[in-house]
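Please look through the sequence and the model shown here before reading on. The paragraphs below then lead from the overall layout to the core.

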Amino acid sequence: MAKKGEKVIHSEETRKKISDGVQRAYDEGRLIHWSKLHPEAFHNKKGFHGRKHSEETKAKVSQNRKGKDLGNTHGFTKGHMPWNKDKPHRVHNAEWRAKVSKATSGPNHWNWKGGVDSFNRLMRSSSKHKQWAKAVYERDNWTCQSCGKHCQRTEIIAHHIISWKKNSILRFDVSNGITLCRECHCFLHKPRLGTAKPPKPQLS
Ligand SMILES: [Zn+2]
Ligand SMILES: [Zn+2]
């Protein structure tokens, strides 16, 4: 008997016998394809698919399961009460949201950069910054220095000529500020995305 994986080399005589047998079966119209003779062993029957346990096996399985609380393994039974039934939805619960916010903000946030970002944001919204911006608006008479539009509080922006990041000393220097409308400011920072006309050269 050949071992698994070993190539079987039939003798010349055996080969002739097989060949003759196959030829004869073919002539007689008999089914000789191996996979058709043994469909239960053929590969397109995956695992136990399409096969049945014998009565003996069934009895064994039954005996094995007796007295064991196998239940259903999905965790839901008839009349099962969900843990959150009649409770307010977690996400709509202010307390829960505050908890999550606290747990995922600041140093706990995945994108935390050591407090730099929040520091800048804090400075920008500080009253010092507001005072500086107001001084800039008043000096420029609440008018966009690029397109000349008179602006309302909601559309006006005090732009730093030398950027906020580059110069911390000039941050609150009124001479480093210029009044722009939202459109012109947008264009200044992202010329391609902006819808306004390009700012006049006086900006630089
Ligand atoms: Zn700006
Ligand atoms: Zn403008």
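What follows is a walk through the fold, its paired strands and its core.

This is a predicted model, in which local features need pLDDT of at least 70 and side-chain atom pairs count only at pLDDT 80 or more, while totals for chains, interfaces and linings use all residues. Residues are numbered from 1 along each chain as its sequence is written, and chains are lettered from A and ligands numbered from 1 in the order in which they are written.

The protein holds seven helices and two strands, where helices (H or I, at least four residues) and strands (E, at least two) are DSSP runs numbered from the N terminus. Along the sequence these elements follow the pattern α-α-α-α-α-α-β-β-α. Of the 204 residues, 9% count as buried, a residue being buried if 20 or more other C-beta atoms lie within 10 Å of its own, exposed if 12 or fewer, and partly exposed in between, with C-beta atoms placed from the backbone. Among contacts (C-beta atoms, placed from the backbone, within 7 Å) between residues at least 6 apart in sequence, 47% join residues at least 24 apart.

Helix α4, residues 94-104, is hardly covered, since the count of buried residues among its 11 residues is zero; just after α4, Gly106 takes a positive phi of about 60°.

Strand β1, by contrast, is mostly covered, with four of its five residues buried. Five bridges join β1 to β2, and the two strands run antiparallel; strands are taken to pair if DSSP finds at least two bridges between them. One of these bridges links Ala158 to its partner Thr179 in β2. In the loop between α6 (127-139) and β1 lies Thr154, which is exposed because 6 other C-beta atoms are within 10 Å. Thr154 and Arg182 are 28 residues apart in sequence, and their C-alpha atoms are 8.7 Å apart in space.

In α7, the buried residues are Cys184, His185 and Phe187. Seen down the axis of α7, these buried residues fall within an arc of 160° and therefore line one face of the helix, the arc being that of the directions from the helix axis to the C-beta atoms. The buried residues of α7 pack against β1 and β2.

The largest nonpolar core has 11 residues, including Ile156, Ala158, Leu180, Cys184 and Phe187; such a core is a set of buried Ala, Val, Leu, Ile, Met, Phe, Trp, Tyr and Cys residues joined through C-beta atoms within 7 Å. The elements that give two or more residues to this core are β1 (156-160), β2 (177-181) and α7 (182-189).

Key: Two residues are in contact if their C-beta atoms, placed from the backbone, lie within 7 Å.
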